[in-house]
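Subject: Structure handover

Hello,

Here is the structure for your files. Please open it alongside the notes that follow.

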Amino acid sequence: MSGPHPIPHSFPFDPRYGHSVEDLQQIQAPDTEPSDFAAFWRKLHRQALTVPLDLKVEPRPSPCKGQNLLQVSYRVWPDYRVGAWVLLPEKTTSPACGVVAGHGYGGREEPDTALAGPDRAVIFPVAPGFHISPDPHLPYNNAGMHVVHGIEQKEHYLLAACAAALWRAVDVLEEICNGSIEHFHYRGWSFGGGMGALMLPWEPRFQTAELGQVTFAHHPFRLRHPCVGSGQAVREYWLKDPSIEKTTLPYFEACSSLRHLHIPTVFACSVFDPAVPPPGQWAAANAHPGPKRITPLPTGHFDYPHPDTPSAEQLHQQHLQELFG
């Protein structure tokens, strides 16, 4: 990537946060991991798997040639029913690859047909409280309220249920595909990248992952620097109740979680990003012990035709090919 490029913006802060790409490549994770961090997440995973799936499946008109589309719903811990779409190849009832695709904090209104493949089943879970996963007890399609729901206590923080929805998506594919899947891959960006970072180490059926613009990373930095979107909502909550920095957020720290992840992972990390501060994105990627590749992106969460974007996207595809084949 070339040197700093002037990016016009109207934010009252620097979306680079004073860091060059060289700085970001060296940034380290905060030393805030609780001694019972892994035990907390393993317990959540065990609890999630005990909930009866109660899977319901309905065929839908497919927007993608050669693919069947299903709309499904299933129960997740502690007591939510979430919706998802599943794309299945028409020519096989036993695909070998299963992909769980997370979504950003804008939610997901439809499946992404670009992820479909001839020997691949793809599930698009929708987090509790968004679009086809409404719940009367949750804010609906409101990222700022969603990201702080239950944050007072780590056991009740809504992100735990969002992780459960992704873990159980594996079970949904297993059931629909009659156990044929040999390889599970996770793909998520932004909110989906952060949730992937949090949930992946504890579900052994995932074998590879692509995580872009990981959020929920380096909370000590995020809390003390302004941003926009869900990150700012957490920061504003913390300004009123600083205790969450000690009681809840250390257990939802993507950097800590990624230290426990050892599957091949491709990261995409922004250098300029007003919504997910780049130091957090890079600290998360740097914390992963490997094997991994990290793609620097000129911008994130910002609509700007940066001249380095095409080459960055090409490099990202190269990294995916190198690590996953």
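Threonine 299 counts as buried, because its relative accessibility is 13% (buried means under 20% relative accessible area, exposed over 50%, partly exposed in between, with a 1.4 Å probe and protein chains only). Strand E9, residues 292-299, holds threonine 299. Helices (H or I, at least four residues) and strands (E, at least two) are DSSP runs, numbered from the N terminus. Beyond its neighbours within four places in sequence, threonine 299 contacts Ile7, Gln213, Ser270, Phe272, Tyr304 and His306; contact means heavy atoms within 4.5 Å.

Two notes on the source. This is a predicted model, in which local features need pLDDT of at least 70 and side-chain atom pairs count only at pLDDT 80 or more, while totals for chains, interfaces and linings use all residues. Residues are numbered from 1 along each chain as its sequence is written, and side-chain values use heavy atoms, with hydrogens and water left out.

Next, serine 230. It lies in helix H7, residues 230-240. Serine 230 counts as buried because its relative accessibility is 14%. Leaving out residues up to four places away in sequence, serine 230 touches Tyr105, Ala143 and Val147. Valine 276 is 46 residues from serine 230 in sequence, yet the C-alpha to C-alpha distance is 8.7 Å.

Now helix H2, residues 37-50. Its 14 residues should span 20 Å at 1.5 Å a residue, and the end C-alpha atoms are 21 Å apart, which agrees (the expected span is 1.5 Å times one less than the number of residues). Buried in H2 are Phe37, Ala38, Phe40, Trp41, Leu44, His45 and Ala48. These cover an arc of only 160° around the axis, so they sit on the same side of H2; the arc is that of the directions from the helix axis to the C-beta atoms. Arg46 and Thr50 are exposed on the other side. What do the buried residues of H2 pack against? Helix H4 (158-176), helix H5 (191-199) and helix H9 (254-258).

Last, H4 and H5. Their axes come within 10 Å and cross at roughly 80° (axes are lines fitted to C-alpha atoms, for helices over the stretch in contact, and angles run from 0 to 180 degrees between N-to-C directions). H4 and H5 are therefore roughly perpendicular to each other, a term for angles of 65 to 115 degrees. H4 brings Leu159, Cys162, Ala163, Leu166 and Trp167 to the contact, and H5 brings Phe191, Met195, Leu198 and Met199.

Best wishes

Terms used: Parallel < 35°, antiparallel > 145°, perpendicular 65-115°, else oblique.
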